[in-house]
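Reader: I am new to this structure. Please take me through one part of it closely, then show me what lies around it.

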Amino acid sequence: MRLLRSLALLLALAFPAASHAVQPDEILKDPALETRARALSAGLRCLVCQNQSIDDSNAPLARDLRLVVRERLQAGDDDAGVMRYVVARYGDFVLLKPPVNASTLLLWSSPGVLFALGLGWLLMSARRRRTLAQTPPLSEAERRELDKALSERA
Amino acid sequence: MIVETGHYALVLAFALSLVQGIVPLWGALINDRSLMAVGAPSALAQFAFTALSFGALTYAYIVSDFSLINVIENSHSQKPLIYKISGVWGNHEGSMLLWVLILSLFGALVALRAKRMPDDLAATVLAVQSWVSAAFLLFILLTSNPFARAALAPMEGRDLNPILQDPGLAIHPPLLYLGYVGLSITFSFAAAALINGRIDAQWARWVRPWTLIAWMFLTLGIAMGSYWAYYTLGWGGFWFWDPVENASLMPWMAATALLHSALVMEKRDALKVWTIFLAILAFSLSLLGTFLVRSGVLTSVHSFASDPQRGVFILMILVFFIGGSLALFALRAQALKPGGLFAPVSREGALVLNNLLLTISCATVLVGTLYPLALEALTEEKISVGPPFFNLTVGLVFLPLFVIMPFGQMLAWKRGDLLGAAQRLTFAFGVALVGGVLFAAIHGEPALAAACAGLAVFAIVGAFVDIFGRITGGGFAPAAFLRRAIGLPLSAWGTTLAHAGIGVSLLGIAATGWGVERVVSMRAGDVAELGPYSVQLQGVHERAGPNYSETVAIMTVRSAGVVIGTMNPSRKFYGARRMTTTDAGLMTINLGQVHIVVPEQSPDGSIDVRMYWKPYVALIWLGALVMFLGGGISLADRRLRIGVARRAKPKASGAAPQPAE
């Protein structure tokens, strides 16, 4: 199945002048800023690619976006400020980690909800099993019959 | 002529699949032995004809028969032989042919073992398996014929996509398909059990080896694909949470859950409904994966089949098999009586928790993969669900499994002693703690990496505690140790290795946090520091390959001034498609790897170099190999081999719930 990933490259290679992910000339002199730039880039989607962050992508658009991120950082924006700046221009689609809001509530809550449902189901079936396991005590008639059977064997 | 033979064989295989799908099932329903007996030979014949068809296509590739559209589009006369062969499944039509080949292979394997199964079970299993075959054979014949001829045969083909011309990718699809499609057998067994209405511990005994085989190959196939992406795609990652990858991860998670629940069903006659459900689910996820990848519904650039006709066809297959089996399940599951009882703290309890966490992990991947599609279809709103989402959510659900795993091995069936298990695991916990602290001291930040590494050590050491106890249990007597180690059932060793294996993989994944990356522009003679090593560019050379030309960088790696090796990362240019690929240079040092990519050469003679030092990264894939080995050892356990126990003890067979003949 993985061989299908090839088309990502096909697309990337359709631009002969495309650069390959982060280029040396993009790297900021301040290593602290560069580290922040890399971390932010990993969470931003390359809009012309499928499921690739701008940090990984070789598309020219990804390079532009990487430069924008670095410009904003150099201008003194904090991390949240940079993200706001990019989202304001490209929308939530650009975020690889979708924000929690009305339309993603189901997405974010699904693991927790499923866990609660699963646990609830387990508890219920455990209780059902326990009631099944409790056999009612023998009635007087049953006891007499049992005694009789046992004494006959002896 | 050979091509027409192949095409005709495929049509015959389809006709046989209809016979195999109807006659034995009818026989099972009216209890007619001679009709049931049709199943096995027709399964073998179906496999033979599918193999003949596959062989014909392979032949067309090997001799570069450019009168076939499929060969024109995916082959080149100058291509090395191995890629001519792997080109057969490096495209939509050929890979679907491989799909049905493996489907019929598993059908044939069941047919060979049919004599050791009850007649009606074997007949029904083969019939259900054949319905799946029939659906996909029809799909190939109607929408994806690999034997279509071109009106005019060109002199030369368009070559296989260069990115696929790689030894890793040559064997990745067959491995993955053995796993993916192997799950069809457990599906057929589940459907047969529901049709025949006989669902018991014996059923789990039939199914477990098949699940194990599929699981082993799925594990290996996923690992192979991951390693390929790591060294080919050029940015050093090993998992991208791409929908195409998720499509293979989901069946793996379901199959892992199934292996464990089938164990409970076999030993304790419990979790029957759930196990049947998982068997259906695992193959349904395989089908869903096929649909996602083949239909182009992801509008993913990874899906090269964007023909809606194919998408709709696979969707119909999907709806028929998943819907049909679930309907059957709903109809029959009511009648199942709950089996063996167990306390919450017990081996069964731990396995139930394992199943809960695995299925939720699986569901999370499913929701994350499909959510953007559903949201866009319903509200036109576009969102992205990428690695940060999956790492967080799946990580949170999956990681607790590593804590539970050693406990599960330690707890007794029916009622376990949690405190006792914890005491026996004190040693493993101590080693994990020391290990985690040591990792943090040596490699430093991030703390999460050290914590995960500690957890991995706990899982690895914890996996061996049970076996260690069983070997040394009778006091200190070295001579007895070896005897006991040999005397232990192989399945105990298999479990231990498989559990340790996933711990080893986690250790490798945790260690990616300590990776070092450098992106620099270098000229001949330049030196760059990379973590504990220094890398020098000696020079750049041009080289000609069979169907490409190559720019190779010669790099020397030094540790503390001493040369420890030379690396040759390269860029290959494939003339036929005018495409460039990068071949990473890899050097493995103490389980870590130096990974160098040279993506670009500037006109001024300098080259861009991406370098990584990834400590312990090889463990990710070594862990998968250990898991595969563990599965293989379990499979070799004679108790798992169907029929062996019966042949060894012929008198006992009368008491078995389902006598052989």
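Author: **A loop tryptophan and its setting**

B:Trp89 sits in the loop between helix H5 (81-86) and helix H6 (92-112) of chain B. Helices here are DSSP runs of H or I with at least four residues, strands are runs of E with at least two, and both are numbered from the N terminus. The model is predicted: local features need pLDDT of at least 70, side-chain atom pairs count only at pLDDT 80 or more, and totals for chains, interfaces and linings use all residues. Residues are numbered from 1 along each chain as its sequence is written, while chains are lettered from A and ligands numbered from 1 in the order in which they are written.

Is B:Trp89 buried or exposed? B:Trp89 counts as buried, with 27 C-beta neighbours inside 10 Å. A residue is buried if 20 or more other C-beta atoms lie within 10 Å of its own, exposed if 12 or fewer, and partly exposed in between; the C-beta atoms are placed from the backbone.

Which residues does B:Trp89 touch, leaving out those up to four places away in sequence? They are B:Gly94, B:Ser95, B:Leu98 and B:Pro173. A contact means that two C-beta atoms, placed from the backbone, lie within 7 Å. B:Leu57 is 32 residues from B:Trp89 along the chain, and their C-alpha atoms are separated by 9.9 Å.

Now other loops of chain B. B:Tyr616 lies in the loop between strand E10 (607-614) and helix H21 (618-636) of chain B. Its phi is near 60 degrees, a positive value in a residue other than glycine. B:Tyr616 is buried, with 24 other C-beta atoms within 10 Å.

B:Asn31 is in the loop between helix H1 (2-30) and helix H2 (33-36) of chain B. B:Asn31 is not a glycine, yet it has a positive phi of about 60 degrees. B:Asn31 is exposed: 10 other C-beta atoms lie within 10 Å.

B:Pro446 belongs to the loop between helix H17 (426-443) and helix H18 (447-472) of chain B. A cis peptide bond joins B:Glu445 to B:Pro446, with omega about -10 degrees.

Step back to the whole chain. Chain B has 22 helices and ten strands. Its radius of gyration is 27 Å, close to the 26 Å that the globule rule gives for 661 residues, so chain B is as compact as a globular protein of that length. That radius is taken over C-alpha atoms, and the rule is 2.2 Å times the number of residues to the power 0.38. Along the principal axes, the C-alpha atoms of chain B fill a box of roughly 80 × 75 × 60 Å. Of the 661 residues, 54% count as buried. In chain B, 74% of the contacts with a separation of 6 or more are between residues 24 or more positions apart.

Chain A comes next. Chain A has six helices and zero strands. Buried residues make up 31% of its 154 residues. Of the contacts in chain A with a separation of 6 or more, 52% join residues 24 or more positions apart.
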